[in-house]
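Keep the structure open beside you as you read.

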Amino acid sequence: MTSLKIQVKGWEDGEPVNRLLEKPDRWLMHASDQIILHIDDVQVTVNQKPHAVTAKKLGVGACAWEGEMLLAAYLVASIPRHRYQGMRVIELGSGPGLAGLLVAKLGAHVTITDIAKVLPLIRENIHLNGLTHTPTTTCSGSAEDGVSPSTPHFIHTCKGLCSADTRVLVSFELRSSAVKDTFLAEADKEFRKVVRVPLSSLPKCYRVDHIELYEITP
């Protein structure tokens with residue numbers, strides 16, 4: 001990966017906004033109605049609902065978070081593009097679906113998932129990226145529609161989806177040390193190896209302290 005740019009579109013004080021960011025800016029991204037991610041020659045566009053982040057509406061699935069941006073950039077930087085052809089990918093808790101849409105554009109067979117009330121936004125973004133008629137790009141609800149899964153449930157779901165050669169990547173934004181401790185404890189129970197991806201392996205603009213990327217081995 002040689003370049004990463006984030007374009008944000010929305011409204012500010014009644015005027016249209018169209019900015020190109022050289023590095024992530026959480027506040028600008030979460031205030032935007034649309035984000036366009038440019039990674040080298042690949043472009044993914046997602047609409048989002050910044051006024052629907054509250055739990056009574058769409059919750060955190062209404063917007064793309066920095067952790068998803070990191071995951072998308074890492075997927076392009078760390079895996080040769082030809083390997084995505086025919087690869088089977090599942091994105092859990094995708095929100096607007098940015099990372100899943102990216103690898104679908106690279107040729108993967110993708111299942112994008114979130115709770116039921118987020119699915120219309122995912123379908124909108126599948127269509128927006130010209131993937132409407134791609135039968136391998138689908139979306140489905142979680143087992144507990146309308147309820148965000150707990151960390152143990154998330155790990156249990158990951159384990160249930162794995163075969164011996166599955167690669168599991170978890171992008172983790174640090175908001176609570178208790179959640180992180182639970183994640184690591186549960187992952188250690190269910191998986192053979194849990195390793196944090198070194199900062200040196202991440203795109204330079206995402207070598208930050210508040211986002212961690214883990215690779216989990218079944």
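The largest nonpolar core has 44 residues, and I6, I35, L37, I39 and M69 have the most contacts inside it. A nonpolar core here is a set of buried Ala, Val, Leu, Ile, Met, Phe, Trp, Tyr and Cys residues joined through side-chain atoms within 4.5 Å. Two or more residues each come from β1 (4-12), β3 (34-39), β4 (42-47), α2, α3, β6 (109-113), α4 (119-128) and β10 (211-217). Helix α2 gives the largest share, eight residues. A second, separate core has ten residues, among them I155, V170, F172 and I216.

A word on the ground rules: this is a predicted model, in which local features need pLDDT of at least 70 and side-chain atom pairs count only at pLDDT 80 or more, while totals for chains, interfaces and linings use all residues. Residues are numbered from 1 along each chain as its sequence is written, and side-chain values use heavy atoms, with hydrogens and water left out. Helices (H or I, at least four residues) and strands (E, at least two) are DSSP runs, numbered from the N terminus.

Now look at α2 beside α3. The axes of α2 (residues 66-78) and α3 (residues 98-105) come within 8 Å and cross at roughly 20°. That makes α2 roughly parallel to α3, a label for angles under 35 degrees. From α2, the residues E68, M69, L71, A72, L75 and V76 meet L98, A99, L102 and V103 of α3, where contact means heavy atoms within 4.5 Å. By class, this contact has nine nonpolar, no polar and one charged residues.

Apart from neighbours within four places in sequence, I35 is in contact with residues including I6, V8, V44, M69 and Q48. Q48 lies in the loop between β4 and α2, and Q48 is buried, with a relative accessible area of 3% (buried means under 20%, exposed over 50%, partly exposed in between, with a 1.4 Å probe and protein chains only). Q48 and G95 are 47 residues apart in sequence and 8.8 Å apart in space, C-alpha to C-alpha.

Finally, visit two loops. D13, in the loop between β1 and β2 (15-21), has a positive phi of about 55° although it is not a glycine. D13 is exposed, at 76% relative accessible area. D40, in the loop between β3 and β4, has a positive phi of about 50° and is not a glycine either. D40 is partly exposed, at 27%.

Note on methods: Axes are lines fitted to C-alpha atoms, for helices over the stretch in contact, and angles run from 0 to 180 degrees between N-to-C directions. Angles under 35 degrees count as roughly parallel, over 145 as roughly antiparallel, 65 to 115 as roughly perpendicular and the rest as oblique. Ala, Val, Leu, Ile, Met, Phe, Trp, Tyr, Cys and Pro count as nonpolar, Asp, Glu, Lys and Arg as charged, and the others, Gly among them, as polar.
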